[in-house]
Amino acid sequence: MDYQKLAKRIVQRATKKGALQAEAFLEVGRQSTVRVREGQIEDLTQSTSKGVGLRVIVKGRLGFAFTSDFEASGLERLVDQALKLAEAAAPSKLNGLPGAKELGRLGDTGALYDPAVANLPGDWKVKAALEVEKAARAEDSRVATFNAVGAGDFVSEVYVASSEGMSGGYSGTYVYLYALPVASADGQLQKGYWVDYKRFLDDLESPESIGREATRRAVRMLGARRVKTQQVPVLFDPLVAASFVSGVARAANGNAVHQQASMFAALQGQRLAGEHVTLVDNGLLPRGLATAPFDGEGVPTRRTPILDRGVLTHFLYDAFTARKAKARPTGNAKRGYNALPSIGTSNLYLEPGQKPPEELIREVDRGFYVTSLLGHGANPVTGELSAGANGLWIENGELTHAVQEVTVAGNVLKMLQDLDGVGNDLQFRGGAAGAPTVRFRGLTLSGE
Amino acid sequence: MPRASAPPRRAPPSQLAPLAARRPVPAPLLPQGLLERLLAVAMERGGDFAEVYVERTQSTHVVLEESRIKSAQTGLVQGVGVRVISGAKVGYAFSDDWDEPALLRAASTAAMIAQSTGAERAFPVSRVAVPSHYHVPTPLSDVEVALKASLLTRADKAARAFDARVAQVNAAYVDQTRRIAVANTEGRYTEDTQDLCRLSVHVVAQGRKNERRTGMYGGGGRVPFTHWETFPPEEVAREAARQAVATLGAVDCAAGPQTVVLAPGWSGILLHEAVGHGLEADFIRKGTSLFAGKLGEKVASELVTVIDDGTVSSGRGSINIDDEGTPGERKVLIENGVLKGYLYDNLNAKLMGQRSTGSGRRESFRHLPIPRMTNTFLAPGNHHPEDILKEVKRGLYCATFGGGQVDISNGNFVFEVSEAYQIEDGKLGRPVKNATLIGVGPEALKNVSRVGCDPRPDPGMGVCGKNGQSMPVGVGLPTVRIDNVTVGGTQVG
């Protein structure tokens, strides 16, 4: 089936039936996942899926419906429902699809599709996952069991068509390997987690290195204990730092800023961190997991610095919010076929610094190196962060014993000011948000 | 009762919809003949068990922002999943294309997990009647969207009228009418229609010098739309606004161990995180939970009795059948502090020589079923809530909660307290901000020293995530006192 044509046909049908503007967002995908356990397949899943969402504007009112039913009758119902729903919404002059000016010229994404991933032999994932498990076991005898070990791939296609002249599509590939071993000693269980997730097979780390690193991370947590309540320098490893910068970026959501419901609301143009802190959203990052020529409503993606050498420079916008805030859309409309676009990040990362992480640790007398956080992260409205933390204790610049059942708490604005070290080890681990190791001058740690 | 703990009361929705008003049984999602053909194909390579899962979910989502209905949307998601089990191995394939050839292809893909060349066999199924724990005479998908939207405009008005410091109100209404059918090679065919709705209101209050506080409240369940007559959006909105305004001027929370008193209701996520997940049979079978091998052992204070109940009338987590076709159940997990049982789905139950407790749930046909909680609550005790508070010289009163999370292996759990007050000499003092509680499941439950006589379910807004699958759940807790809990905050000493 020619999905690009189908998307156009749905748009035509909607305008014919009374929509002033219409836009179809269509997704098609196929994926396959495998999990292994004790040298055997645990489960194997294969699927194909598709769906289309239709956005219409009628007399300034917005309606949206979606379906995974591509039968003629299903698509007919989709159009009728979207039109009917527009009746229930309030009219607004701001409603409207991105126009010619906003659609503009597409940037250069480079390749997003790897034929080697799309054509992976059927048993490749099983073999790779078994190798991951074997390596994880071989790394340390204290591995007692696994939560899961697995591999997966998928191929996705996206098509957008609109009455305003948008017509485009692209396809991409993804492949991943992960392990969640559980180590055991003296009655204590500790889990480890490691993953690699890439668009290109050649970029993917070896199964052996995934398995070994997962085990190292589990085993080093054995013997974990609480420490006293105190204020100390705290480091976040790249995984934890990535979730921290995702939290920071939530406050750069142009809609929240416009509504004064963000800690960044009144701070544009101000210095929030040192020169060494640059936080970027980049929809055109070469080989990035979220790299795409256009966003969920056809607007070209681009590179947007949120914190540029410490200064809060840009917020993220979709077309609607940009119009509302009298700003420029940044190509940050995120969506699936089953939802309206909303503002989100693409490839988000903190640019790396010069120092290797070991050096950032060595410079700390007593402190805490956090390797996983529990909880939902920072509140983007108030900037408050209070989360459970696991990690390793630092004494005289050396990692010593494991720590658990403590929390770290602070305010993001204060934490940005206190961010005094950025490692050279930027990595994207399992998602489109990446970061290097970061260090904060002082955070409150709650324990005994 | 302390003022900080008065969420709107919820009328028992079963009274709203008498059994006589049950809606007619709809036509089957897939013809029985096709289901049986799919089972036969699924077993053609000699699997031990196969199951066909059919789902059709119609949903509505209305959003209000800046006092306007920003959008209204509806959607249809439908698909069929075929699962084949061979020993401990599972093959699964799903399709959102209901064309017979596409479904047969999915069945034969799933069949590949089994290696032998089994003979052609027939797998007749017959419909098994299931109990009914929710009564929604008119499907929520049939209710006019304009009515749903009007709930939000009413909520917006009430929130803004509550206090001049209310600066921003966002509200959302979501519902779904989810029909499922499960047929398996044991001959069972079951069907259920699961309506579910929720209204939620987020409020930002603005204090002096750019101080912002947030409040969030919501509720719903497997209830008819008339639920909103007795649980009006105005009440939901005022509670969200109250939280936001009440916490303006909050002081930094002291870090370190404290005595905490939990308000009844939504605080039940403590149980959900501290013990519930650790009792799910997949973690137990794999030995990745610290509760594995502890049946019959004392894992909590004797004041603690924990129950998971899929049969609560109209509950958000209630199920007539789970997503493997097993009826929902009421299960005592911990009785007077002693570990009594785990939560089983079919696969883990079989591998462990047990029977399913009706805990096999899945987000949609795109997912494999896994053991999950339904409505999890702590049985009430004898202590009067006012006495519980009065007895505390210094501590923290936790009135409303954000979310929680647990690391199954080491048992570390957190839950975020969105509204809390200092307790001084048995009375509530200043509001504190940025508090999180952390503990290790069994240790925290051993420190439960008072359990109130005021059981309360949450108002119906819980979402539980596990293995990337989201699931509606209910929780509940009476007023509870826990000693020596590590409280995360920013204030040292």
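Okay, some ground rules. Residues count from 1 along each chain as its sequence is written, while chains are lettered from A and ligands numbered from 1 in the order in which they are written. Since the model is predicted, local features need pLDDT of at least 70 and side-chain atom pairs count only at pLDDT 80 or more, though totals for chains, interfaces and linings use all residues, and side-chain values use heavy atoms, with hydrogens and water left out.

Let's take chain A. You'll find 11 helices and 21 strands there; those are DSSP runs, numbered from the N terminus, with helices being H or I of at least four residues and strands E of at least two. Its C-alpha atoms fill a box of roughly 70 × 55 × 35 Å along the principal axes. How many of the 448 residues of chain A, in percent, count as buried? It's 61%, where buried means under 20% relative accessible area, exposed over 50%, and partly exposed in between (1.4 Å probe, protein chains only).

Now chain B. Here we have 10 helices and 23 strands, and the C-alpha box is roughly 75 × 55 × 40 Å along the principal axes. For 493 residues, a compact globule would have a radius of gyration near 23 Å, and chain B has 24 Å, so the two agree. That radius is taken over C-alpha atoms, and the globule rule is 2.2 Å times the number of residues to the power 0.38. In chain B, 63% of the residues are buried. Looking at contacts (heavy atoms within 4.5 Å), 76% of those between residues at least 6 apart in sequence join residues at least 24 apart.

Let's zoom in on chain B.

My last stop is Thr185(B), in the loop between β5 (166–184) and β6 (188–206). Is Thr185(B) buried or exposed? Buried: its relative accessible area is 17%. And what does Thr185(B) touch, leaving aside neighbours within four places in sequence? Its partners are Leu39(B), Met43(B), Phe49(B), Ala50(B) and Phe123(B).
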